[in-house]
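The exercises below concern one protein model, and each is followed by a solution worked out step by step. Please keep the sequence and the structure at hand while reading.

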Amino acid sequence: MIKIPSSFQLTFENWTSSDPVEQAVLNDGKEQLRAGYAAIIENEPEGGDALAFYDTEAGLSQDREWIKSYTGKNATVVGELPVFDPQATLFAKKTKAQLRYCTDESKARTKNRKTGEVVGNPPGTDPKVAYVVTMQKSEQGVWQTVSTNSKRGGCS
């Protein structure tokens with residue numbers, strides 16, 4: 001399991017499935033998200049080895065842009081980020097999957113590494129964000145992220 005410091009609490013609520021293949025998608029999706037936040041916290045704009053393990057080449061390219069949106073501003077993340085309502089859907093003879101989940105950013109913040117200034121979402125911004133992650137199973141049996149799309153306000 002990828003370690004994240006206690007200054008940022010990434011919690012996964014009801015992140016289980018009775019289907020073992022769906023559970024593998026959930027497990028690898030969770031670790032991929034943890035790897036991305038760990039890279040932000042560690043100030044690793046390229047994402048590090050853990051993220052490369054859980055991403056395809058296309059997924060890693062997209063995730064590096066996301067990470068650099070923090071590291072490029074000398075920012076890290078602090079606070080709490082619950083991740084909830086996961087749903088894994090399998091396709092193509094269980095070699096491709098779509099993972100949907102929601103996050104609640106109401107207690108998550110960015111912190112400037114130099115000034116220490118902590119900033120949350122602007123007032124009036126919906127803190128709930130829906131994610132759709134396209135994944136494919138690698139030859140090693142790892143569910144890797146191909147792409148991630150998000151929609152602010154897309155959660156109930």
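For sorting residues by class, Ala, Val, Leu, Ile, Met, Phe, Trp, Tyr, Cys and Pro count as nonpolar, Asp, Glu, Lys and Arg as charged, and the others, Gly among them, as polar. The model is a predicted one.

**Exercise 1. Describe the largest pocket by its volume, its lining and the classes of its lining residues.**

Step 1. The volume of the largest pocket is about 490 Å³.

Step 2. Its lining is made of 26 residues, and those that lie nearest the centre are Tyr 37, Trp 66, Tyr 70, Glu 105 and Tyr 131.

Step 3. At least two lining residues come from each of α1, α3, β2, β3 (96-104), β4, β6 (128-137) and β7.

Step 4. Sorted by class, the lining of the largest pocket holds 13 nonpolar, nine polar and four charged residues.

**Exercise 2. Determine how the buried residues of helix α3 are arranged about its axis, and what covers them.**

Step 1. Helix α3 runs over residues 57-71, 15 residues in number, and spans 20 Å from its first C-alpha to its last, which is close to the 21 Å expected at 1.5 Å a residue.

Step 2. The buried residues in α3 are Gly 59, Leu 60, Asp 63, Ile 67, Tyr 70 and Thr 71. Because these buried residues fall within an arc of 105° when seen down the axis of α3, they line one face of the helix.

Step 3. The elements that cover the buried residues of α3 include α1 (20-41), α2 (48-54), β2 (75-91), β4 (108-112) and β7 (143-152).

**Exercise 3. Is Arg 34 buried or exposed, and which residues does it touch?**

Step 1. Arg 34 has its place in helix α1.

Step 2. Its relative accessibility is 10%, and since buried means under 20%, Arg 34 counts as buried.

Step 3. Not counting residues up to four places away in sequence, Arg 34 touches Met 1, Ile 2, Lys 3, Ile 4, Leu 10 and Phe 12.

**Exercise 4. Locate the two asparagines Asn 14 and Asn 74, and give the phi angle and the accessibility class of each.**

Step 1. Asn 14 lies in the loop between β1 (8-12) and α1, and has a positive phi of about 55° although it is not a glycine. With a relative accessible area of 68%, Asn 14 is exposed.

Step 2. Asn 74 lies in the loop between α3 and β2, and its phi is likewise positive, at about 60°, although Asn 74 is not a glycine. With a relative accessible area of 21%, Asn 74 is partly exposed.

**Exercise 5. How far apart in space are the C-alpha atoms of Thr 125 and Arg 152?**

Step 1. Thr 125 is found in the loop between β5 (118-119) and β6, and at 26% relative accessibility Thr 125 counts as partly exposed.

Step 2. Thr 125 and Arg 152 are 27 residues apart in sequence, and their C-alpha atoms are 8.4 Å apart in space.

Definitions and conventions:
Residues numbered from 1 in each chain as written. Predicted model: local features only at pLDDT ≥ 70, side-chain atom pairs only at ≥ 80, totals over all residues. Heavy atoms only, no water. Helix = DSSP H or I, 4+ residues; strand = E, 2+ residues; numbered from the N terminus. Expected span 1.5 Å × (residues − 1). Buried < 20%, exposed > 50% of the residue type's maximum accessible area, 1.4 Å probe, protein only. Arc of directions from axis to C-beta. Contact = heavy atoms within 4.5 Å. 1 Å grid on protein atoms, 1.4 Å probe; cavity = no way out; pocket = protein on both sides within 12 Å on 5 of 7 lines; lining within 4 Å. Points joined across faces, edges and corners; volume = space filled by probe spheres on them.
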